[in-house]
Amino acid sequence: MLWIKNGIVVDPKNKINAEKMDIFVKNGKIVAESDVKKEDCKIIDASGKLVVAGGVDMHAHIAGSKINTGRTMRPEEMRVVRNIAGKFRATLGRVLLTAPAIGYEYAKMGYTTSFEAAQPPIGALHTHEELDSIPMIDKGALPVFGNWHLVFKCIEEKNLEKLKALVAWAIERTKGFGVKVVNPGGVEAWMYGGNVKSLDDQVPGFNVTPREIITWLIRANEELGLPHSVHLHCNNLGVPGNYQTTIESIKLANGFRNPKRQVLHVTHVQFNAYAGSSWRDAASGAAEIAKVVNSMDNVTIDMGAAIFGHATAMTGDAPFQFSLHKLIGARWSNKDTEVETGAGIVPIGYLPSNPVHSLQWAIGLELGLLVDSNKVVLTTDYPNGGPFTEYPYVMAMLMSKKMREGELKKVHQYVQKTTTLPSIDTEKTLYEVIHMTRSLPAKVLGLENKGHLGVGADADIAIYNLNPLETDFSNEFEKVYKSFKTAEYTIKGGEIITKNGELVKEVFGKTFWVDARKKVDLEVIMPDIKEYFNYYSVQLGNYGVEERWLKNPSRLEVV
Amino acid sequence: MLIIKPKKEFEVCIEAELTPELAMKSVEEVRKFKVYYGNRVVELGELFEVVKEGEDKKLVLDGDFGRVKWIGTRMVDGEIVVKGNVGANCGAFMRGGRIVVEGNADDWLGIEMAGGEIIVKGNARNLVGCAYYGNAVGMTGGKIVIEGNAGNYIGEKMNGGEIVIKGNAGDFVGTEMRAGVIEIHGSCGFVGGDMRGGEIRIKGNFDLLPTFRKTEKGWVGDVNVKGEGVIKTF
């Protein structure tokens, strides 16, 4: 039992804005004062300190074949030693971290939940083996659907029952959490060396278009009533002029409605918010996208902010990765995942002296500032835009115009004409930023017990050495950055796991997965699945992950 | 001058960043210098005899140092003379001074070196003057002379400096090279793949990739990467 005393609590889900109050923890949950015996409680004195829920990262590439290939092809990333083996495991990594390092670094920063954003269905076992090697945090994985031959077949036949059955079957088999769509149709076209350029291009070999893939998957997702909505990585990522495709894709959510949450989450929008016709005249399309997102109440986005320094581009968007490799001349690895999807990996570094990189940096921040705080989640699309350990930098930047002015002087002045960042006066409040990093991502994912400190929530708590009542967030940005970088205490499931950036205890979090099999009749899709397994390299019986193989599974049943 | 002699034949490799700076220290301090013997940290004095003669900045490694890695790492001046063989990573990241190896050198000789001189009287193995795995740039300055033969991947990602091999070399000489000179007095295998600049001079036979075009200067390429490197005989 824990008694966090006199902390200054910010809990946007429960509308608590910087109020001095006590938090009580029992059996890994937050409970009411009357439920604990105060004399048995371990007391944490949080007077004058900020108490918030543990951070939730809803989009990061933390496990699976992509990040592992990235580690293999980037030995230079593995020369930073973060922890020497002892009570805790040895960890390495500059931006691309080893599996235990991911858990430790999240925990030190006060984050307690992170979702792997693209899991190739056939690679599910690998993804889960790696997730099970990440200590400290709660996890989940989103299997990818947007280029799967079976999905195309269901959509070609216009058979919603089949598609729903396939989604439910695949999510159960992969122990996944939701429906991820990566460059719908484009990765299939890449199998023939091409890509799709617009929402109405036909996918080679199939009578479907990206528009149909997205709408049909939203329809299936909503009828199944999964906790998370469709999680879309738009077409034309990384291509100047792509903001129009992004806006068109966002508008596909029109006509769908879910009282609990959004019906479409568009991810790492920074990479999809470029205006212009080539990299020579590229500009920001963030303002237009923000206008559209703000006008709709069933769409959310995440930033995908770019941070200066090292990064590694890794997405399921294989054709984009090839064009990136051609553009910057860096190493490239391609992955072809049978009939399901593909992926690519390219090392990259963001330099302030480079006009394009500065533009990307500015667009990420523009999105964070211009979109309603209730619709934009803070991410860097780790490791595509940069390390998640720099989230505090983005948080501080959103809260301080003065800090942005200082940083704008250091970057290429190309951003002055091509983005609206220099003219944005908005300063997000702490309340909004805590919402963007805690309660909003939890709501977007449909995790009811995460991202807040109400009674019944999981006791994932971060305490920062920052008094919100006495801090001038506009001017004291350095202090804000430093405070958020290292939590004074990180509490996971009621146990103190880090203290002042030092690891205290290693815990293993849950792996969430969704079971929607009760909502469908699996028999409608089984004949098709059996037929398709003639083309797989594995037998149907060997496909997928059994629940008992996972270290700490947590099933969310959809009924 | 400091003379260091192995006390025994080593069972496992030693990692010892021995530089001429040690010659400026007292013998007691040198004996306490920490080195890795396998996975154990031990004092230099446990494994080697140390004798000091005079004050010049010079190390004489007397004996077989074929299992001692990282000799001369990051050295900036002074001299190291190895009377026998030397282990891997000799002269890595070196910026100045001189290393003379009277025996053979192992892999990774002079990786990413920026200045100074390395002379090997015997043979060298693979990856001479190249970039450490994953790094973008190999040797950027200085000179490596190998009197015998060398292995594969000589001067990979090299961006300056000079490598001279008096004997033969293996395959993949000057891969991804950007600047600098490689001179081979004997023969070698494939040369200059993805080369962007610099010059490779070869006296004997060599295998040329089809991506080089013949000009007055010699073979220019690699066309694959729009390179302007030159391969010629002399």
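This is a short tour of a predicted model, going through chain A and then chain B.

**Before selecting anything**

The predictor gives the complex an ipTM of 0.78 and a pTM of 0.91. For chain B, the average pLDDT is 94, and 100% of the residues score at least 70.

**Chain A: a helix pair**

Select residues 286–295 and 355–370 of chain A, which are helix 9 and helix 11. The two helices pack with their axes 9 Å apart, at an angle of about 30°. Angles under 35 degrees count as roughly parallel, so helix 9 of chain A is roughly parallel to helix 11 of chain A. The crossing of helix 9 of chain A with helix 11 of chain A is right-handed.

Now show side chains at the contact. From helix 9 of chain A, pick Ala286(A), Ala287(A) and Ala290(A). They meet Ile363(A), Glu366(A), Leu367(A) and Leu370(A) of helix 11 of chain A. Sorted by class, the contact between helix 9 and helix 11 of chain A has six nonpolar residues, no polar ones and one charged.

**Chain A: a five-stranded sheet**

Next, move to the open sheet of chain A, whose five strands run in the order 11-12-13-16-20 with parallel pairing. Select 180–182 and 376–377 of chain A to see strand 11 and strand 20, which stand at the edges. Each has a single partner strand, so one side of each is left without a neighbour in the sheet.

Inside this order, select residues 264–266 and 299–302 of chain A, strand 13 and strand 16. Three bridges join them in the parallel sense.

**Chain B: a mixed sheet**

Switch to chain B and find an open sheet of four strands, ordered 4-3-2-7, with mixed pairing. Its edge strands are strand 4 (40–43) and strand 7 (68–69) of chain B, each of which pairs on one side only.

Select residues 14–15 and 34–37 of chain B, strand 2 and strand 3, which pair in the antiparallel sense over two bridges. Glu15(B) has Tyr36(B) in strand 3 of chain B as its bridge partner.

Finally, select residues 98–101 and 117–120 of chain B, strand 9 and strand 10, paired in the parallel sense over four bridges.

Center on Val120(B) to end the tour. Val120(B) is the bridge partner of Val101(B), and in strand 11 of chain B the bridge partner of Val120(B) is Ile146(B).

How values were computed: Residues are numbered from 1 along each chain as its sequence is written. Chains are lettered from A and ligands numbered from 1 in the order in which they are written. This is a predicted model: local features need pLDDT of at least 70, side-chain atom pairs count only at pLDDT 80 or more; totals for chains, interfaces and linings use all residues. Axes are lines fitted to C-alpha atoms, for helices over the stretch in contact, and angles run from 0 to 180 degrees between N-to-C directions. Angles under 35 degrees count as roughly parallel, over 145 as roughly antiparallel, 65 to 115 as roughly perpendicular and the rest as oblique. A crossing is left-handed if the near helix is turned anticlockwise from the far one by less than a right angle, and right-handed if clockwise. Two residues are in contact if their C-beta atoms, placed from the backbone, lie within 7 Å. Ala, Val, Leu, Ile, Met, Phe, Trp, Tyr, Cys and Pro count as nonpolar, Asp, Glu, Lys and Arg as charged, and the others, Gly among them, as polar. Two strands pair if DSSP finds at least two bridges between them. pLDDT is the predictor's confidence in each residue, from 0 to 100.
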